[in-house]
Each structure stands twice: as structure tokens, then as C-alpha cells.
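Here is a friendly note to read with the structure open beside you. Take the points one at a time and find each residue as you go.

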Amino acid sequence: MSRTGRLPEELTMHPRQHIAIIGGNFAGLTAAVRLSSRHAVTVIDPSAHFEWMPNIHELLSNVKTAQSLRLDRAAIVEQAGHCFLQDRVTELHPDQRRLLTADGQELSFDACIVAAGALWNNHGVPGAARHALPCRSIADALAIEQRLSTVVQQGKPLHIVIVGGGIAGIEALGEILRRYRAAPGLSINLVEAGERLLPGLPAVLDADLRRLCQPHAVRFHTGTAIASVSTNGVHLSDGTRLPSELTLWTTGLAAPALLAQAGLTQADQVWADVHSTLQSQHASNIFVVGDCAQLPQAVAKQAFNAIAMGELAAINVTRWLAGATLKPYQASSKPLLIAFGDLDTYLVSGETVLASQALAGAKEGVFQLFMSQMSPRCVLHNLPAVGDRLWQSWRELAWPQLRSLADLGTLADRRLLRVL
């Protein structure tokens, strides 16, 4: 098995059918662990670590560490009986059944699963690429945390602009308030192009978030866009200028250039068209999953959908290689857990919204369950580590919230769970 460098020679000569997986995040990694070792499977990704993206905002408050959010990709893939190649795919040729990597390697395949994810998209706003910080990886989040800490240590006013009022922007705001809401000179401006916060979700969330932020130095600018970003400020489309020591860009996704290069889409910066089976509409030996895929009926670009697509891709690529009928993707409506620092956590199911600080423990449980399931160790060996993870999570997230509620009075005075 190869972690980095060149592929082992025996793999290129292997008589088994070869499946290449481009990308080792939620969709690609799930597909890999679901595929049988009867196939010769190679997962290709430029990073050595899988990162739990839904919780990287907690790096901003030091609730999480980088280590707690990472797993060793090579160990996971190798435990499944497959090969991991730390490299970046630069060319994909479905008709020739081959791909090329940045290190100059050429790999042939019988079928390929494309799980290349999405890129940061600043929509060409002047100054954004130079002066705004994305939050798309652990490295991004650590850079933001370092910038916040430096400004505070220097005694400067902490002027922050958050671009985007979706889940990523709201959760980042919550973690910044968790750690810095008492910092002298703090002011936070959040800009959302939609008419309300968390567009597409129940409107009651917008009202509750504004209520929670009233005691703090937070202002919301909805129904407006960013015109430009400079070193120390942001200009809005309505002419308003917002001072900023740190501009955090949490909105916008772009399709990887590989999709257009491989002919999986008909235009640049467009998601790959797939059938309901996740098979490409332009190449029968290619299956596209996760953020890259544009299904006939669009689904949210969320981790739970990526995981479900990865599971189906493993099934369908196996069935396609065997000449069997493919299965369609059945999108399920799963509830969302949205954390707002230590101020509240929301459970959203359709139009129903439940709010409780204690729900932080439920969100943490989802994270811990996935990480323990994917952890590249045997179950018995891993039990102490799982126990440590759960205890640390309860101590740092759930218990402080329950204790603060108890300090406010009895359950008759304040319900643990609110239906918004």
C-alpha cells in the first residue's frame, strides 16, 4: 500500500478491476471504506488528513484542536484494504480510462468516482482574494484564530466583518462571541445578501439570532452585498463602509476546474451533471458524488448527503462493473443541528425548530460517532480514545450549558427545550 510517492508496481499490473477515487473527504472516503477489496481501489487526495469540516468553526474559540478534527487518510484507506496516493489529480480522461497527477503519475482505471469537493468562491469581488480569509479548512480556521488572538494581544479594537449569514457564518459568529464577547473594542458586522439570516431555513431562526445578539456588539446587514474589500475595511453595495481588522468570508462555492477539463460539465465553473444514479451524464464509467454532483433534483451540499452519496456510489460502481442495474439516489430529509457558540443550539426539522443549549451535546455526539467509526483502529483498541473524546466533549460543551441553566432557576422558570 502506498501512502505517498509512487504507486506500487503490482497495483498497475493487478488483474482485478481498478476503481479510482478522486478526493478523500466525506463522499470519497465513505465510498472507499464501503468498496470490497475484491476491487483494486486507489484513493487520491493531496492532503494526508481527512478533516471534519462541520466543526472547524470551533477552532476559533479553542473548543476544538486541529488534532481532534483530523484522521489519517492513508490509515483509513489501507485498513479497508485499498491504496492511498497523496497527490493531486490534474487531468481526467474518461474515454481513455486514465488520469494524471501533479507528480506526473498516470493511473488507469475501469471506473472512477469523482469526489473532488468544492473551492472557495469570492465571486470576483475586488480585494476579496487578497484581504478576506476563507474558512474552508483547518489551516484556514487556525489562521483566523491566530489573527484574532494577535489583534487582542496588541490591544487594538477588534473590528470583524463576517461575509455570509448561512450556517458557516452563523456558527463562526457564535464561536467568536464565545471567546471574545467581553473583549474591549469588539464590534462584529455580519453581511448577508439574502433578506434574512440562514436563508432557506425557518424565518424564526433569524429573529432568535438577532435576539441573542442584542446584548453584544453585533450588527446584521441583510439584503445587501459586498462591493469591495480592503486592508482595513469592507464596502457594501449600498455605500456603507465597515471597518475591519479581519474579514471572514464564509459564503460561496466554486466547482473544481477538473470537472470541465474532463468533460463532465458543459461549461467552466459548473457542477457535474449526473443521473439519479450518480453516474455522469457525459461518461458512463464516471460517478460523481458530494459537492461536485448536480443531481436532476438538487440536494443541499451537506455532509450527510455526501456520506449517503458515497455509500451509493460504492454500490453502483460495483453494480456497473458487473453489468447490473443501478440504484437511484434517494435524498433523505435529515434534521440539522446548528450551534451558536455557547449561546444556543438549534435542531431544525422542516419548519420545526427546537432550541436548547443542551443540544450542543447532541451535535457533538454526531461528530464523535462518525470519527470513532472511521478511526483507523480496531474497535476494542479504540474504545479508550472514544471515551476520552466523549468525556472531553461533555465537559467542555454540554455540561457548562446545563450548569448555566441550573443557575438561572428551576425548570419551572426556564425550560431546557424551547420550540421556536
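1. A word on ground rules. This is a predicted model, in which local features need pLDDT of at least 70 and side-chain atom pairs count only at pLDDT 80 or more, while totals for chains, interfaces and linings use all residues. Residues are numbered from 1 along each chain as its sequence is written, and side-chain values use heavy atoms, with hydrogens and water left out.

2. Start with the inside. Helices are DSSP runs of H or I with at least four residues, strands are runs of E with at least two, and both are numbered from the N terminus.

3. Take Leu-264 as an example: leaving aside residues up to four places away in sequence, Leu-264 touches Leu-92, Val-114 and Ile-286, among others. A contact means heavy atoms within 4.5 Å.

4. Next, look at helix α10 (residues 360-374). Its 15 residues should span 21 Å at 1.5 Å a residue, and the end C-alpha atoms are 22 Å apart, which agrees. The expected span is 1.5 Å times one less than the number of residues. The buried residues of α10 are Ala-360, Lys-363, Glu-364, Phe-367, Gln-368, Phe-370, Met-371 and Met-374. They cover an arc of only 165° around the axis, so they sit on the same side of α10; the arc is that of the directions from the helix axis to the C-beta atoms. An α-helix has 3.6 residues a turn, so residues three or four places apart point the same way.

5. Now the charged pairs. The whole structure has 13 salt bridges, each a side-chain nitrogen of Lys or Arg within 4 Å of a carboxyl oxygen of Asp or Glu. One of them joins Glu-171 and Lys-363 at 3.5 Å, N to O. Glu-171 is in helix α6 and Lys-363 in helix α10, so this pair links distant parts of the chain, 192 residues apart. Both partners are buried, Glu-171 at 5% and Lys-363 at 11%. Salt bridges that share partners also join Glu-58, Lys-64 and Glu-364 into one network.

6. Compare another pair. Arg-179 and Glu-145 meet in a salt bridge at 2.6 Å, N to O. Arg-179 lies in helix α6 (residues 167-180) and Glu-145 in helix α5 (residues 138-153), so the pair ties together parts 34 residues apart in sequence. Arg-179 is partly exposed at 33%, whereas Glu-145 is buried at 10%.

7. How many disulfides are there? The count is zero, taking a disulfide as a pair of cysteine sulfur atoms within 2.5 Å. Cys-112 is buried at 0% relative accessible area, and Cys-213 is buried at 2%.

8. Finally, is Gly-239 buried or exposed? Gly-239 is exposed, at 62% relative accessibility, and has its place in the loop between β16 (233-236) and β17 (241-243).

Terms used. Buried means under 20% relative accessible area, exposed over 50%, partly exposed in between (1.4 Å probe, protein chains only).
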